[in-house]
Protein chains: 2
Amino acid sequence: MNTNNLPHIVIIGAGFAGLETARGLSNAPVRITLIDKHNHHLFQPLLYQVAIAGLLPSQIAYPIRTIFRRQKNLNFQMGEVGAINFDEKYIKLNGSVIAYDYLVIAVGGRTNFFGFDSIEKNGFQLKDLETAVKTRNHLLSMFEQASHEGDAEKRKSLLTFVIVGGGPTGVETAGALGELISHVMVKDFPQLDVNETRVILLEAAANLIGPYPDELRKATAKLLRRKNVDIRLNTKMENYNGQHVTLGDGSQIETHTLIWTAGVKSTEMVDALGVEQAGGGRVRVEPTLQLPGRSEAFVIGDAAFLAENGLPLPMLSTVAIQQGKSAAQNILRMINGKPLMPFHYKDPGLLATIGRNAAVARIWGISFSGFIAWLIWVFLHIYRIIGFRNRIVVMFNWIWDYFFYDNQVRLITKE
Amino acid sequence: MNTNNLPHIVIIGAGFAGLETARGLSNAPVRITLIDKHNHHLFQPLLYQVAIAGLLPSQIAYPIRTIFRRQKNLNFQMGEVGAINFDEKYIKLNGSVIAYDYLVIAVGGRTNFFGFDSIEKNGFQLKDLETAVKTRNHLLSMFEQASHEGDAEKRKSLLTFVIVGGGPTGVETAGALGELISHVMVKDFPQLDVNETRVILLEAAANLIGPYPDELRKATAKLLRRKNVDIRLNTKMENYNGQHVTLGDGSQIETHTLIWTAGVKSTEMVDALGVEQAGGGRVRVEPTLQLPGRSEAFVIGDAAFLAENGLPLPMLSTVAIQQGKSAAQNILRMINGKPLMPFHYKDPGLLATIGRNAAVARIWGISFSGFIAWLIWVFLHIYRIIGFRNRIVVMFNWIWDYFFYDNQVRLITKE
């Protein structure tokens, strides 16, 4: 069969959204070119675990070519898309021109520092494997430096860790870091005085995990405090120079570590498209996920802005996955000359861990916290990780950690 | 008990030699300071597996603090030793001065390019996790680039991999790379034509694995050829500019990948000591492993030069481990006023894998090759890897690879 006459679908980005679109077209009579600047798909909800040395990069990343080995209608290309020509329907990649019939833009986002250049320069972020490994190396190095620091004030600032943002990522990072210190670092550093360490979670609003019911917010704060996390609500940041954080009230926190989890915005590629952008630079899309005026181009996942019931959809993996499926179905409808369907988000609820054997969850309208929520979290995350081998290895890790209170190896690698 | 009056032993380097010395003193009434520039011990014999994406960095590296958690007489310090003052018996580290009663220098070696600056600049080496990961990222990127290269000549040069050095590391790397291509890359890259790929092993001498019996050399060459490795003996290199290798006879091989495994020499720290150095810059030591004229300083492992029966001891982990034990015992003898014992190497034989389920071995004077040798290799290596958890995970990997012909995840990470 000559497959060159089949419709050509180009998908940019192999995150949750792009992956789901590609899978949704696996049995369709189409040619797919999937493009990503990395050769691996990343299970981003567990990226904070890499930063606190709880999981290894390889356990949450999986080579894209291996994922699609059996999908014969798909061709993967590693590279960065240089430009998109919507009028003539082609993209530029690795010095070549690739024409498309349908285009899916699923390029995700990048960290939004809201113009705080000093934080972008001096702080840490959790965006991809590189930034997570950099954070891990830095965290571990702080303990090494503190171990031979004689000056108590300097030691205290080395052992103060500030996390900004009280959303799921900030909450999970703070809880896991608190636990790493009290269960693991005290064993690796016998001279370490836990009272000299501090994990501080800053949130500008009056509550952690804002959009969720009050009983879950309270359970989250309680579980975090049990892990020795110092929660500071209604606290705005002014500046961070790598030595100390300056807060809105003018007070300062001496620290060499600030992890910023407080925002996501559009990528440079999206900013260069010349299309209408909404809050955070996300591309405004039709309810069908099409780019306005470009019916053959879809934008999905963190790159897309769509409001439902007057509220913008959150930048979450669950939204991205559902939009990926929806885009695949709408492309098939277009190919078959059928009317397109608007996207509707089904909220599966909240799920966040706060260290070993504690989590908060809201599923099917029911709130859980503590050990049961943690079991749900472990089960769902292992189930969603790609690759049977990775599932086994990550499950082995978590069982091991559960019984031995010992995280995965804590390597400091050069960058 | 006031432990400050106990003899203070400073060990520089936590490779095989330094680790063994520290362990040999675990029950002794001494204070030990173990120093390394990394926070982890590296199982160097398996470093080539990281380079060919067969094992993950974390599976062959283990945090030093975790290894010595239970050894209460040991204190670990991460850092690079700035200077050693043998007259006043102190070292400089992280801006502090550390006095010693006994000093053990176990700093290993670095890659010897024998003055070929062009190879050092354009080639790859397998010295530590960073260089191995860099090699892996490059190897995988060559396949990605070749996948969208239309020019057949250019594609061939992207898919040509030259390994220099026919010792165990070169042989193991070439065999594992040949197997990676024929069993794994062909699946990840369905368009890849295996006939366009080449793995070339260059050796200046007339034989691979020089010092071993002829039947083993022949078995090695046979197993490598079965993995499609192009073995070129009596072949000297003249130059490598990142585009092509120039050989001694003036001919050229077009390639973007040259992995240099042909030599080890002393580190910069050893070169700066101002002591007598032998071949490769190694420090000449007494048969007791002491530095001549400095009875309280020992040099062991790859950093030390000692001849036995007229032949210099090889730079192998087996020598390093035995010397580490010997140095610990001689230090205890000195503390107890007993005469020191000279070091004698017990050769445990050769062991090298040539890809999945094939290896060559010489143990207790008997030569093995093929599957039995591979089983011995797997058993001995898993046994020697540090950490029960790592052993389980590596064993799981190898069993998985054995049945599914699929290596560990092939991530390209930014450096």
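The model is predicted. A rotation of 180 degrees, with 0.0 Å of shift along its axis, places chain A on chain B with an RMSD of 0.0 Å. The two copies are thus related as by a two-fold rotation axis. Both copies use the same surface, since 100% of the contact residues of chain A recur in chain B.

**Contact between the chains**

- Chain A contributes 35 residues to the contact, and chain B contributes 35 residues.
- On the side of chain A that touches chain B, the elements giving two or more residues are β4 (61-63), α3 (64-67), β5 (74-78), α5 (129-147), α7 (168-188) and α12 (388-404) of chain A.
- Of these elements, α5(A) supplies the largest share of that side, with four residues.
- By residue class, the side of chain A that touches chain B comprises 14 nonpolar, 11 polar and 10 charged residues.

**The three-stranded sheet of chain A**

- Three strands of chain A form an open sheet in the order β26-β27-β28, paired antiparallel.
- Its edge strands are β26 (350-353) and β28 (366-370) of chain A, each of which pairs on one side only.
- Neighbouring strands of this sheet are turned against each other by 10 degrees on average, direction ignored.
- β26(A) is joined by four bridges to β27 (residues 359-363) of chain A, and the two strands run antiparallel.
- Within this pairing, A:Thr353 lies opposite A:Ala359 of β27(A), and A:Ala352 lies opposite A:Val360 of β27(A).
- A:Ala359 has A:Gly370 as its bridge partner in β28(A).
- The hairpin of β27(A) and β28(A) has two residues between the strands, and A:Trp364 in this hairpin adopts a positive phi near 50 degrees.
- β27(A) is mostly covered, with four of its five residues buried.

**Helices on the sheet of chain A**

- Helix α8 (residues 214-226) of chain A packs on the sheet and touches β26, β27 and β28 of chain A.
- The direction of α8(A) makes about 5 degrees with that of β28(A).
- Helix α11 (residues 371-384) of chain A lies across β26, β27 and β28 of chain A, at about 75 degrees to β27(A).

**The three-stranded sheet of chain B**

- Chain B has an open sheet of three strands in the order β26-β27-β28, with antiparallel pairing.
- β26 and β28 of chain B stand at the edges with a single partner strand each, so one side of each has no neighbour in the sheet.
- From one strand to the next, the twist averages 10 degrees.
- β27(B) and β28(B) run antiparallel and are joined by five bridges.
- B:Ala361 is placed opposite B:Phe368 of β28(B).
- Helix α9(B) packs on this sheet, touching β26, β27 and β28 of chain B, and its direction makes about 5 degrees with that of β28(B).
- Helix α12 (residues 371-384) of chain B lies across β26, β27 and β28 of chain B and runs at about 75 degrees to β27(B).

**Helix α9 of chain B**

- α9 (residues 214-226) of chain B has 13 residues and reaches 18 Å from its first C-alpha to its last, close to the 18 Å expected at 1.5 Å a residue.
- The buried residues in α9(B) are B:Leu216, B:Ala219, B:Thr220, B:Ala221, B:Leu223 and B:Leu224.
- The cover over these buried residues includes α8 (168-188), β13 (198-202), β14 (229-232), β26 (350-353), β27 (359-363) and β28 (366-370) of chain B.

**Loop residues with positive phi**

- A:Asn94, which is not a glycine, has a positive phi of about 50 degrees.
- A:Asn94 belongs to the loop between β7 (90-93) and β8 (96-99) of chain A.
- A:Asn94 counts as partly exposed because it has 17 C-beta neighbours inside 10 Å.
- B:Lys89, also a residue other than glycine, has a positive phi near 55 degrees.
- The loop that holds B:Lys89 lies between β6 (81-85) and β7 (90-93) of chain B.
- With 18 C-beta neighbours inside 10 Å, B:Lys89 counts as partly exposed.

Technical notes:
Residues are numbered from 1 along each chain as its sequence is written. Chains are lettered from A and ligands numbered from 1 in the order in which they are written. This is a predicted model: local features need pLDDT of at least 70, side-chain atom pairs count only at pLDDT 80 or more; totals for chains, interfaces and linings use all residues. Two residues are in contact if their C-beta atoms, placed from the backbone, lie within 7 Å. Ala, Val, Leu, Ile, Met, Phe, Trp, Tyr, Cys and Pro count as nonpolar, Asp, Glu, Lys and Arg as charged, and the others, Gly among them, as polar. The expected span of a helix is 1.5 Å times one less than its number of residues. A residue is buried if 20 or more other C-beta atoms lie within 10 Å of its own, exposed if 12 or fewer, and partly exposed in between; C-beta atoms are placed from the backbone. Copies are superposed by least squares on the C-alpha atoms of residues with pLDDT of at least 70 in both. Two strands pair if DSSP finds at least two bridges between them. Axes are lines fitted to C-alpha atoms, for helices over the stretch in contact, and angles run from 0 to 180 degrees between N-to-C directions.
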